[in-house]
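Student: Let's go through this one together, please. I'd like to start with the core and then move on to the chains.

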Amino acid sequence: MAEAAASMSSDALRREASSRDASGPSGTKPRHALSRRNIFLYGTLIVVALYYLLPLYVMIVTSLKGMPEIRLGNIFSPPLEITFEPWVKAWSQACTGLNCDGLSRGFWNSVRITVPSVLLSIAIASVNGYALANWRFKGADTFFIILIVGAFIPYQVMIYPIVIILREIGIYGTLTGLVIVHSIFGMPILTLLFRNYFTSMPEELFRAARVDGAGFWGIYLRIMLPMSLPIFVVAIILQVTGIWNDFLFGVVYTRPDTYPMTVQLNNIVNSVQGVKEYNVNMAATILTGLVPLIVYFVSGKLFVRGIAAGAVKG
Amino acid sequence: MSNSERPNQLLRNLNAKVASIPMILTALVVFVGGTAWTVLYSFTNSKLLPRLNFVGLDQYYRLWATPRWLVSIENLLIYGVISLLFSLVIGFILAALLDQKIRFEDTFRTIFLYPFALSFIVTGLVWQWLLNPDFGIQRVVRDLGWTSFSFDPLYNSSIVIYGISIAALWQGTGLIMCLMLAGLRGIDEDIWKAARVDGIPMWKTYLFIIIPMMRPVFITTLVIIAAGIVKVYDLVVAQTSGGPGIASEVPAKYVYDYMFFAQNLGQGFAASTMMLLSVVIVIVPWAYLEFGGKKHG
């Protein structure tokens with residue numbers, strides 16, 4: 001009953017506010033800050049937020065402790081003595097098999113995989129989307145539908161035929177091969193993204209450029225590209241996080257010395273030999289998660305847009 | 001006339017056609033060709049190398065007689081039901097809470113969604129550490145004085161899949177919340193006003209008015225979650241590597257292990273074809289409802 005009353009009174013306030021200023025936001029902030037409704041609402045949200053933040057906190061805290069402190073202490077307690085040694089060790093000394101040159105190798109591999117994959121996949125998909133939106137040829141929609149349906153096929157169905165194709169070309173196990181694989185599997189969602197964006201652009205723009213004698217590539221480079229920078233940013237965010245976080249393709253299409261960071265991280269942490277150094281493991285885990293986290297926190301709302309579009313990728 | 005027009009037709013849009021070659025190749029060679037190839041070879045007895053030596057449904061009989069595959073399927077079902085149920089319920093509740101015109105909405109949303117930016121490997125390793133019986137949550141509670149407290153899902157084969165689901169929910173609920181929030185924002189404000197005027201309590205409005213109105217959002221979300229469930233692989237590899245024993249195996253891992261470790265390609269192809277089949281079972285009714293139904297209504 002109290003809740004209903006609270007909502008009724010806030011509704012009254014809202015109506016009063018809207019009569020005062022019809023053009024303003026449709027509701028005012030609830031006035032009584034400590035109503036039972038607000039305590040419940042913010043209490044729940046804060047508890048859930050703490051639960052979501054807890055693993056990040058434990059990761060950071062663990063990575064800053066020494067091993068003796070980890071063995072004796074509580075994973076939630078802050079470090080008594082902050083040490084950055086685990087971070088240094090994770091970056092430059094952690095072992096995978098016989099290699100002990102740390103996670104840095106995986107990091108640079110991931111950079112060398114992610115940068116060309118992002119560029120290539122976006123270049124291909126944006127041109128595809130542009131062709132589908134403005135230069136429809138016979139059969140184009142059929143290929144597009146196959147592409148979208150293909151996004152739902154489990155990767156496991158297609159990984160082996162691709163191994164054969166790459167082996168035939170002679171690039172199985174190389175970074176080039178992996179870049180091509182990422183471009184292939186990024187294509188459905190990115191093409192959809194670009195097609196929808198280009199379709200929503202005013203048709204007159206395209207027609208005027210045609211009348212002025214611009215061709216396929218001219219219109220793409222001089223008009224479409226400069227006018228659609230926001231969607232390119234969304235696509236970059238989507239691809240950087242997606243490709244950086246990939247594990248399956250990395251493990252299938254590369255060799256141990258070209259493993260991306262996620263694969264190397266898993267090998268470091270889940271290796272069976274040696275004493276487990278949990279602080280080093282957690283430092284390595286944070287290091288691997290850092291790139292997508294930075295992308296996430298910097299990009300804000302654009303990230304939400306990207307994943308809403310990319311959610312189909314699953 | 002028609003002869004001179006024919007090459008014209010082919011050359012029309014030539015640039016667009018050339019530019020679409022990567023898309024056409026991907027669609028035809030990789031998606032259609034690759035899938036057909038795998039399905040075809042699942043009827044052969046390929047071992048180390050793919051060979052066209054047909055053995056009918058043998059690989060499938062063997063597959064369904066393998067305990068590890070049966071465990072994988074059972075795990076996938078449990079994991080799937082938990083993921084669907086909890087991520088929908090939690091995601092919707094969080095979205096409804098955020099939709100109350102609260103302060104700091106962006107901050108809360110940022111916090112709920114950040115795990116989604118992390119890879120399954122990172123997620124799995126963090127939760128492996130939190131659920132570690134010697135150092136993690138179990139130890140902390142025991143140190144508080146409850147010495148018989150037991151919470152070691154990753155080391156107990158009867159509940160290990162639930163331990164994996166905990167990590168999966170932490171990672172993925174934020175996305176569902178965002179989709180639901182977008183759905184809630186699409187609901188006309190007047191519906192709420194009308195419900196309030198009629199004195200319908202808030203929870204009833206949600207349950208009987210808002211949720212039925214959000215049916216398309218729910219269906220899309222459902223398809224997204226389901227497509228993700230079938231693919232679950234990295235999380236299991238990072239958290240348990242399928243253990244203890246084979247207790248947390250999943251189909252995607254079965255496929256990978258048989259193709260690249262056990263050198264039993266036929267089994268891998270048969271298992272991946274079964275995965276494809278399960279996706280088809282989910283997607284086709286949805287596609288029919290979504291696109292087939294519109295023609296009639």
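Student: Which residues touch the most other members of the largest nonpolar core?

Tutor: This is a predicted model, where local features need pLDDT of at least 70, side-chain atom pairs count only at pLDDT 80 or more, and totals for chains, interfaces and linings use all residues. Residues are numbered from 1 along each chain as its sequence is written, with chains lettered from A and ligands numbered from 1 in the order in which they are written. A nonpolar core is a set of buried Ala, Val, Leu, Ile, Met, Phe, Trp, Tyr and Cys residues joined through C-beta atoms within 7 Å, and buried means 20 or more other C-beta atoms within 10 Å of a residue's own, with C-beta atoms placed from the backbone. Of the 146 residues in the largest core, those touching the most other members are Leu193(A), Ala284(A) and Ala271(B).

Student: And which helix gives the largest share of this core?

Tutor: Helices are DSSP runs (H or I, at least four residues), numbered from the N terminus. The largest share, 14 residues, comes from residues 175-199 of chain A, which is helix H8.

Student: Where does this core lie relative to the domains of chain A?

Tutor: Domain bounds come from an automatic or database domain assignment. Domain 1 (2-92) and domain 2 (104-313) of chain A both contribute residues, so the core lies between them.

Student: How many helices and strands does chain B have?

Tutor: Strands are DSSP runs too (E, at least two residues). For chain B the count is 15 helices and 0 strands.

Student: What share of chain B is buried?

Tutor: The chain has 297 residues. Buried ones make up 40%.

Note on methods: Buried ≥ 20, exposed ≤ 12 C-beta atoms within 10 Å, placed from the backbone.
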